[in-house]
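I opened the predicted model today.

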Amino acid sequence: MADYLVTGGAGFIGSHLVAHLVDQGHTVRVLDNFSSGNRENLAEVAGSIELIEGDIRDAAQCMSACRDVEVVFHEAAIPSVPTSVDNPAASHDANINGTFNMLMAARDCKCRRLIYAASSSAYGDTPTSPKHEAIMPEPLSPYAVQKLAGEHYARAFYECFGLETLSVRYFNVFGQRQSPKSQYAAAIPAFVTGILAGEPPTVYGDGEQTRDFTFIDNVVHANVLAAEAEETHGECVNVACGEGISVNAVIARINELLGTDVQPEHVAPRQGDVRHSLADISLARKLIGFEPKVLFEDGLRRAIDYYASLVV
Ligand SMILES: NC(=O)c1ccc[n+]([C@@H]2O[C@H](COP(=O)([O-])OP(=O)(O)OC[C@H]3O[C@@H](n4cnc5c(N)ncnc54)[C@H](O)[C@@H]3O)[C@@H](O)[C@H]2O)c1
């Protein structure tokens with residue numbers, strides 16, 4: 001019997017959520033195929049969790065993972081815009097078919113709720129700012145379409161089958177354990193590790209694009225609130241800090257905090273990238289009582305400390 005199942009629990013966001021749930025005394029099961037996650041991310045909780053090495057593309061494995069679970073946090077995905085452009089079929093399979101399998105399994109195992117890791121990429125380049133959930137989505141990449149499809153499925157499973165769902169649209173999450181290594185590493189890990197090594201970080205476009213960078217603790221907090229909310233009805237809510245920061249400003253701040261002056265190298269903008277992304281978080285406040293706990297500056301300091309600790 002597990003209180004919680006975290007799919008993708010060996011990944012960046014999933015592993016933080018697992019650590020928090022274990023710390024709160026809950027029983028936690030993880031389902032992960034280690035395609036981008038790894039066992040090291042779960043090292044601190046290895047003795048306290050049930051770990052299933054399995055795949056969300058396999059319906060039978062999803063059923064085994066959901067058995068006797070109260071709440072599912074569905075984090076597993078191939079979480080990358082450029083990967084989805086390079087290989088749309090593979091990311092479709094994990095992100096849409098895998099999510100469908102998880103919803104079916106949660107329904108058939110009579111789980112009480114499934115919280116879905118949705119993405120701000122659904123908004124695309126819609127001109128309205130800040131982005132609120134009533135805006136018509138305009139996904140620009142296969143990844144964004146896939147994550148949005150998951151939201152629609154989550155809502156439909158509430159409407160048709162009464163499975164309580166909530167989609168949590170994360171905006172540019174960053175923090176400890178986010179990998180700087182992949183070819184498509186997220187901005188902050190790539191910038192910090194590059195600057196620490198004295199190598200110019202690569203910036204796509206002019207660097208004036210803005211993001212609502214969201215420190216990981218806020219995302220864990222939002223998920224816990226989503227699980228604890230009295231009822232959920234298939235809604236989707238933004239989770240972010242409500243602060244738009246340009247890529248150039250991030251690099252300048254990292255240089256200030258490290259006492260360095262490593263200038264970026266600008267290359268052509270990337271296909272599928274959006275220009276500005278700033279969240280309106282009032283619906284998350286209203287529905288689940290969400291309030292960001294760690295703002296950008298503090299989160300950046302903690303992330304820098306983490307990446308610096310890896311190089312000593
Ligand atoms: N990081 C962000 O800024 C961000 C923003 C919006 C949404 N999200 C969503 O949050 C979730 C977690 O993202 P992350 O940044 O922690 O990525 P991550 O790559 O660190 O974690 C994803 C995890 O899913 C696992 N996984 C992938 N395919 C799988 C499969 N077929 N079966 C089982 N496990 C599989 C991976 O091994 C990994 O452990 C994803 O759903 C992503 O789309 C992330």
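I began with the shell around the ligand and sorted its residues by class: 14 are nonpolar, ten are polar and five are charged. I then asked which of the 29 residues around the ligand come nearest, and noted Gly 8, Gly 11, Ile 13, Gly 37 and Ala 77. Two or more residues of the shell come from each of helix 1 (12–23), strand 2 (28–32), helix 4 (88–108) and strand 5 (113–119). Helix 1 gives the most, three residues.

Next I looked at strand 1 (residues 2–7). I checked its partners in turn. With strand 4 (residues 69–74), strand 1 pairs in the parallel sense over five bridges, and I found Thr 7 opposite His 74 there. With strand 2, the pairing is also parallel, over four bridges; here Tyr 4 stands opposite Val 28. I followed the chain from strand 1 through helix 1 to strand 2 and recorded a right-handed β-α-β crossover.

Last, I turned to the domains. Domain 1 takes in 2–174 + 215–240 + 279–293, and domain 2 takes in 187–209 + 244–277 + 301–311. Between their C-alpha centres I noted 26 Å. Domain 1 puts 13 residues into the contact and domain 2 puts in ten. On the domain 1 side, helix 3 (residues 81–86) supplies the largest share, three residues. I sorted that side by class as well: seven nonpolar, four polar and two charged residues.

Terms used
Residues numbered from 1 in each chain as written. Predicted model: local features only at pLDDT ≥ 70, side-chain atom pairs only at ≥ 80, totals over all residues. Domains from an automatic or database assignment. Contact = placed C-beta atoms within 7 Å. Nonpolar A, V, L, I, M, F, W, Y, C, P; charged D, E, K, R; others polar. Near = placed C-beta within 6 Å. Pairing = 2+ DSSP bridges. Right-handed = clockwise from strand over helix to strand, strands pointing away.
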